[in-house]
Amino acid sequence: MSDFQMTEAEMQDRLDLLLSTGINPNEMPKHIAIIMDGNGRWAKNRGEERIFGHLNGVESVRAVVEAALQTGVRYLTLYAFSTENWNRPKEEVAALMDLLVTTLVKETEDLKGKGVCLSTIGDLKALPKDCQVQLKSTAELNPEPHRLDLILALNYSSKWELIEAVKDIIKDGVTEDEVNSEMFESYLKTAGIPDPELMIRTSGEHRISNFMLWQLAYTEFHFTPVLWPDFRREHFLAAIYDFQNRERRFGGVPQQTDK
Ligand code: IPE
Ligand code: IPE
Ligand code: MG
């Protein structure tokens, strides 16, 4: 990613925001991944159809993109539609796809102006044609240099991604000796993107639902009961704060603090 120049005032605002919430600006996660969950329950709590929850979830997406920009997170991956989500009623699936297109149409200019680069992981071929076209035209307007990589996991599942990688490795005639972690990662859809340090799942569910199984190997998980349409900057900041108070050991022993 090329460097995006921030103004002094923007840098000061960032520092003020982080310090006021007890977040250490020098230990920010570079990559945060979010399983946006609970739209259906949010709507049901209000006696509304599930799609009402999805519509309101868009405001939360806006809020986390803004929060990522304000806090200096460089990569934000949002799980928007899993390969298993095709099992939902066809009206709900169609409404989700429409919502994706209308949101992209509405937000592209703003994203571009803010230095957000949009990309996707997932099998786009199976998405409706208008979604594919809109995703492509939004990505064509990606600004350079940019400030934030916004990665949408769309028709994504980790098992699909891993199997695709294995197929491509076989196609390329890679030999047994050449197989290692680094090489394998280069075949994943997230090649070149650092693994998320923090994964947030909303709505009180404690599972991965086929999301980034490889990439989350050493990620810290933050589960919150907040339903996705209620998720705002304060929740995002709370997750980062929680992350910074974890001890990441990577198989080692606790840090010695009392030398
Ligand atoms: C997340 O909310 C949105 C998608 C998976 C697309 P849900 O629609 O899963 O909401 P709940 O889990 O049924 O409440
Ligand atoms: C995971 O949420 C998928 C997305 C957020 C896109 P689901 O609501 O589909 O997950 P399960 O079915 O409860 O595990
Ligand atoms: Mg759900």
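A residue counts as buried when its relative accessible area is under 20%, and as partly exposed between that and 50%. With that in hand, we can walk through this predicted model.

Start with the aromatic rings. W228 and F231 are both buried. Nine aromatic pairs are counted in the structure. F221 has a relative accessible area of 25%, so F221 is partly exposed. F223 is partly exposed too, at 30%. The pair of W228 and F231 is stacked: the centres lie 5.2 Å apart and the planes are at 20 degrees. Elsewhere, ring pairs join Y79, Y156 and F211 into a cluster.

Next comes helix α8, residues 233–244. Its 12 residues should span 16 Å at 1.5 Å a residue, and the end C-alpha atoms are 17 Å apart, so the two values agree. Buried residues in α8 include H235, F236, L237, A239, I240 and F243. Residues three or four places apart on an α-helix point the same way, because each turn takes 3.6 residues. The buried residues of α8 pack against helices α1 and α3 and against strands β1, β2, β5 and β6.

One cavity of 30 Å³ or more turns up in the whole structure. The largest cavity holds about 50 Å³. Its lining has five nonpolar, three polar and one charged residues. Helix α4 (90–113) gives the most, with three residues. Strand β3 (116–121) supplies at least two. Among the lining residues are T108, V116, N142 and P143.

Definitions and conventions. Residues numbered from 1 in each chain as written. Chains lettered and ligands numbered in written order. Predicted model: local features only at pLDDT ≥ 70, side-chain atom pairs only at ≥ 80, totals over all residues. Heavy atoms only, no water. 1 Å grid on protein atoms, 1.4 Å probe; cavity = no way out; pocket = protein on both sides within 12 Å on 5 of 7 lines; lining within 4 Å. Points joined across faces, edges and corners; volume = space filled by probe spheres on them. Helix = DSSP H or I, 4+ residues; strand = E, 2+ residues; numbered from the N terminus. Nonpolar A, V, L, I, M, F, W, Y, C, P; charged D, E, K, R; others polar. Expected span 1.5 Å × (residues − 1). Buried < 20%, exposed > 50% of the residue type's maximum accessible area, 1.4 Å probe, protein only. Contact = heavy atoms within 4.5 Å. Phe/Tyr/Trp six-rings, centres within 6.5 Å; stacked < 30°, edge-to-face > 60°.
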